[in-house]
Amino acid sequence: MATISKFSNSALASFAAPSPRVDPKLPVGCRVGPVLSRSAPLRLSVRRDRAARSASAVKCSKQDGNGVPLKRTTLHDLYELQGQSPWYDNLCRPVTDLLPLIASGVRGVTSNPTIFQKAISSSNAYDEQFRDLVTSGKDTESAYWELVVKDIQDACKLFEHIYDETDGGDGYVSVEVSPKLANDTNGTVEAAKWLHKVVDRPNVYIKIPATAECVPSVQQVISLGISVNVTLIFSLPRYEAVIDAYLDGLESSGLSDLSKLTSVASFFVSRVDSLVDKLLEKIGTPEALNLRGKAAVAQATLAYKLYQKKFSGPRWEALVKKGAKKQRLLWASTSVKNPTYPDTLYVDPLIGPDTVSTMPDQALQAFIDHGVVSRTIDSNISEAEGVYNALEKLGIDWNEVGDQLEAEGVDSFKKSFDSLLVSLKQKGDALKAVSL
């Protein structure tokens, strides 16, 4: 897990104390200094060198009950002060490399077919299990799912304590149904049921794409008592349909206690700017060019406004009486695609309570280093509305943008999935040939 190892070496806390030691009780990569007095006050300093763009060095002298210094980063502040959960958008073996990230404040993990394609194809950590599966007669796709399920189960175990401490409010690991089912309502429902059963962990989220065909799947899967991460949301109308599917699923579940049934809605951010910026450059007017880099955050801000509206009122209050929890907004695709934009562009402006920000390495390191923890998501709704409307007046069709990005997202995941299966089949054939 090269990317995680790199992160843990540079971005985790380092303590300003002589002769640091390795504590065997701490996760791999965590070093602590001499034990200080339990009564010592919290002293936290973060060195931020924007020019170097290096990860932050965090010094903290607060101890836990055993006298072991606790690291503290902006991720802890993000959750404790603003109610936003920082998640990590990556997963590969060894999953124990997630432990330093958890210590730094990461509270959940998201995965997708592209993440697993990169993980499995670029590492030999999966070879032994894959060899055993192939030699036992498993076909390629069945072997793939066993590799994935093991990673998800192991990651769920690492986040189980967060899930328990928050009474099911956090600590989730997401796994996506086959991208081949993105236009198959019933097939998606069956795949979600199967994945939920084989993973068999209370803190797993089954990811279902928010395609027109799969929004009804979300309603059905929720009604079965299965928690869902609804992914690939790119427009406000589709997001509202996703919320309604969640509410319909809660109401039709027949459960008297809804407290263990949860969901997140993954609203994609940076990809919106990538497409809209190209359209604005084609228009080419000063007004159009001045709106580059503003579309994604503006739409996300309005999504949060919609979230507040939909999770209030009589209908929602009736569900709350049964223990229902809000379907949290999750900001996805938070890494900056345009290198001229600030590297925390899709994190800093989208901070608000009851939300999740899932960040890949680049965004996570940047936010720990120099992110600003402050409630920003609803600080300037009128400006967001102005940007959204101005783009419409210039001829930007938000529904067309959403449809195109959704199609590209589904296609990208399908290609990753197919590519990995081809690679695994070739490797499996080679193993069989050697054994013969």
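Strand 9 and strand 10 (residues 263-268) run parallel, joined by four bridges. Strands pair if DSSP finds at least two bridges between them. Helices (H or I, at least four residues) and strands (E, at least two) are DSSP runs, numbered from the N terminus. The model is predicted: local features need pLDDT of at least 70, side-chain atom pairs count only at pLDDT 80 or more, and totals for chains, interfaces and linings use all residues. Residues are numbered from 1 along each chain as its sequence is written, and side-chain values use heavy atoms, leaving out hydrogens and water.

**Confidence.** pLDDT is the predictor's confidence in each residue, from 0 to 100. The protein chain has a mean pLDDT of 86, with 83% of its residues at 70 or more. Over residues 1-69 the pLDDT is below 50, yet this stretch has 127 contacts in the model beyond near neighbours in sequence. Contact means heavy atoms within 4.5 Å. Where pLDDT is low, the predicted coordinates should not be read in detail.

Strand 9 (residues 228-233) is mostly covered, with six of its six residues buried. Buried means under 20% relative accessible area, exposed over 50%, partly exposed in between (1.4 Å probe, protein chains only).

| Partner strand | Bridges to strand 9 | Residue pair |
|---|---|---|
| Strand 8 (residues 204-209) | Four | Lysine 207 and asparagine 229 |
| Strand 10 (residues 263-268) | Four | Serine 263 and valine 228 |

From strand 9 the chain crosses through helix 9 (residues 236-251) to strand 10; this β-α-β crossover is right-handed. Right-handed means that, with the strands pointing away from the viewer, the path from the first strand over the helix to the second runs clockwise.

**Glutamine 327.** This residue lies in the loop between helix 13 (314-320) and strand 11 (328-332). Glutamine 327 counts as buried because its relative accessibility is 0%. Its side chain makes a polar contact with the side chain of serine 263, at 3.0 Å. A polar contact is a pair of N or O atoms within 3.5 Å; within protein, one must be able to donate a hydrogen and the other to accept it, and residues adjacent in sequence count only if both atoms are side-chain atoms. Not counting residues up to four places away in sequence, glutamine 327 touches residues including Val230, Val242, Tyr246 and Phe311.
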